[in-house]
Amino acid sequence: MQFTSLIFVLFFSVFFAMYWWVLGKNLKAQNIFLLLASYIFYAYWDWRFLTLLIGSSAIVYFLGLKIAEKGPKTKLWVNLGLIFSIGTLLYFKYFNFFIESFTDLFGIKNDLTLKIILPLGISFYTFRMISYLIDIKNNKLKAETDALAFFNYISFFPSMTSGPIDKGGLLLPQLKKERVFTLENGSDAARQILFGAFKKLVVSNTIAPITQNIFANYEHLSGSTVAFGAILFLFQMYADFSGYSDMAIGFAKLLGFKTTKNFAFPLFAQNIADYWRKWHISLTSWLTEYVFTPLVIAFRDYDKKGLLLAVFLNFVIIGFWHGANWTFICYGALQGLYYIPLVVNNQINKKKKLSKNFPTFKELGNIFYTMALVCFALILFVAPNLSEAFGMYGKIFSLSLFSIPQFIKIKILALIAIVVLIDWINKDQEHGLDIKRLNPLARRAMYVFLIFIIMYYGVFSNGSFIYEQF
């Protein structure tokens with residue numbers, strides 16, 4: 001059930017009406033209805049994996065209570081929870097990868113691979129479970145005794161399939177207090193959903209056939225065209241994933257919830273560290289707290305070398321999180337290598353505020369350089385294997401790089417320009433249409449313009465989102 005599908009529009013409309021107008025003054029009834037809706041939403045994709053979601057939630061709920069007792073077996077309960085959560089993820093997402101890599105390494109005939117279906121959203125709700133258990137262990141969070149609230153936290157349908165990855169400390173308290181619908185929050189949510197829909201249906205879905213054609217036929221195209229494909233894919237993925245996040249956050253806001261901000265206008269990042277602070281924020285902040293920081297502490301005796309190793313390992317994990325393929329591992333490793341100059345020059349944590357109206361030449365130079373690094377790495381992201389990735393890189397570094405690229409269309413460039421312009425105008429706000437600098441008439445004109453573009457130029461045939469596969 002995709003956010004952009006007619007079935008979801010009908011589903012959410014009925015749910016929204018029942019949630020506020022029928023059950024609005026009964027918190028428990030709201031939460032029961034919310035949990036039921038989340039399970040229907042998930043079962044619509046594949047009802048067989050609903051038992052996995054419910055069973056995993058029940059196990060982690062029980063383990064959280066046991067960890068909170070702080071008895072002699074606390075460490076055992078924590079380890080059991082981590083082994084169960086990580087083990088489940090490893091089995092469904094990485095089992096065949098490990099088997100194939102092992103057999104390829106030792107030249108063993110492989111008869112062990114299984115036809116394993118990757119459960120929808122498992123990477124996202126597993127990280128919620130892991131952070132929940134660790135936070136209880138570290139006394140950052142109390143174990144949730146309200147089973148209804150906890151099960152809702154794990155299966156919250158607006159962010160079920162592709163995040164944001166909310167931590168228990170943010171979402172659980174909201175599930176236990178009365179929620180109030182206000183016109184202001186509703187209007188802001190509608191604007192965020194509108195911009196998310198525009199980015200997905202118009203920008204990402206219009207670019208997708210072009211990038212697919214380029215990467216599928218790169219051997220017959222010029223290096224400039226392959227490089228152009230990587231640039232287009234950056235905007236496609238940004239429009240797709242930030243579009244999903246905008247809609248997910250907007251739908252949650254319509255239900256009275258505040259969720260984690262997932263994008264902070266990464267297209268204007270001044271270096272690669274700034275980019276990762278602004279891109280998929282819920283994942284990078286999760287890994288910073290639960291992986292990177294412990295690694296930094298473990299390697300603190302090695303000064304900058306220890307910091308570099310911690311950064312590198314953290315990004316290898318980020319790459320591997322994206323998928324069971326050596327291309328993703330290399331993608332993460334390359335991102336880690338990008339950090340070397342920043343660590344050496346003590347610039348990893350330096351944040352720069354952008355000019356208010358127009359970017360300076362230095363800011364533009366930093367943006368183009370950072371996006372060039374990002375686009376170069378995206379070849380590994382889109383390639384089905386390392387052989388294809390090296391083939392694409394070979395094309396890019398050939399003499400044909402200096403030819404005129406194919407597939408340049410005014411419509412595509414105009415759509416990208418609209419996204420960039422709206423983002424720049426609102427780069428200091430919560431989201432792209434959180435417009436405060438324009439007068440009311442200009443704002444309304446922009447909303448009408450975006451609705452018109454969606455209705456007449458939206459591509460509704462492709463409802464799936466890139467990050468659903470992760």
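Guide: Let's start with the labels: helices (H or I, at least four residues) and strands (E, at least two) are DSSP runs, numbered from the N terminus. You're looking at a predicted model, where local features need pLDDT of at least 70, side-chain atom pairs count only at pLDDT 80 or more, and totals for chains, interfaces and linings use all residues. Residues are numbered from 1 along each chain as its sequence is written, and side-chain values use heavy atoms, with hydrogens and water left out.

Visitor: Okay, let me try the labels out. Where does Lys70 sit?

Guide: Lys70 is in the loop between helix 3 (50-68) and helix 4 (74-106). Check its backbone too: phi is near 55°, a positive value in a residue other than glycine.

Visitor: Which other residue has a positive phi although it is not a glycine?

Guide: Phe265, with phi at about 60°. You'll find Phe265 in the loop between helix 9 and helix 10 (272-278).

Visitor: Are those two buried or exposed, or something in between?

Guide: Go by relative accessible area: buried is under 20%, exposed is over 50%, and partly exposed is in between (1.4 Å probe, protein chains only). Lys70 comes out partly exposed at 39%, whereas Phe265 is buried at 6%.

Visitor: While we're on the backbone, which peptide bond is cis?

Guide: The one from Gly163 to Pro164, with omega near 5°. Pro164 belongs to the loop between helix 6 and helix 7.

Visitor: On to charges. How many salt bridges turn up in the whole structure?

Guide: The rule is a side-chain nitrogen of Lys or Arg within 4 Å of a carboxyl oxygen of Asp or Glu. By that rule, the search finds 13. One of them joins Arg128 to Asp166, whose closest N and O atoms are 3.4 Å apart. Arg128 is in helix 5 (residues 122-137) and Asp166 in the loop between helix 6 (147-155) and helix 7 (168-175), so this pair ties together parts 38 residues apart in sequence. Arg128 is buried at 2% relative accessible area, and Asp166 is buried at 0%.

Visitor: Which residue does Lys140 pair with?

Guide: Glu289, with the closest N and O atoms 3.0 Å apart. This pair links distant parts of the chain: Lys140 is in the loop between helix 5 and helix 6, and Glu289 is in helix 11 (residues 281-298), 149 residues away. Lys140 is exposed at 55%, while Glu289 is partly exposed at 23%. Along with Lys167, Lys140 and Glu289 make up a network of salt bridges.

Visitor: And what does Lys199 meet?

Guide: Asp246, in a salt bridge of 2.7 Å, N to O. Here Asp246 in helix 9 is linked to Lys199 in helix 8 (residues 183-216), 47 residues apart. Both ends are buried, Asp246 at 9% and Lys199 at 2%.

Visitor: What is Gln192 in contact with?

Guide: Contact means heavy atoms within 4.5 Å. Setting aside neighbours within four places in sequence, Gln192 contacts Asp246, Ile249, Lys253 and His431. Gln192 is in helix 8 and is buried, at 4%.

Visitor: Now the nonpolar side. Which residues of the largest core touch the most other members?

Guide: A nonpolar core is a set of buried Ala, Val, Leu, Ile, Met, Phe, Trp, Tyr and Cys residues joined through side-chain atoms within 4.5 Å. The largest one has 157 residues, and Tyr132, Phe157 and Phe198 touch the most other members. Helix 9 (residues 223-254) gives this core its largest share, 18 residues. Beyond residues up to four places away in sequence, Tyr132 touches Val60, Gly64, Leu141, Ala143, Glu144, Phe150, Tyr153 and Leu172.

Visitor: How many disulfides does the search find?

Guide: It would take a pair of cysteine sulfur atoms within 2.5 Å, and the count for the whole structure is 0.
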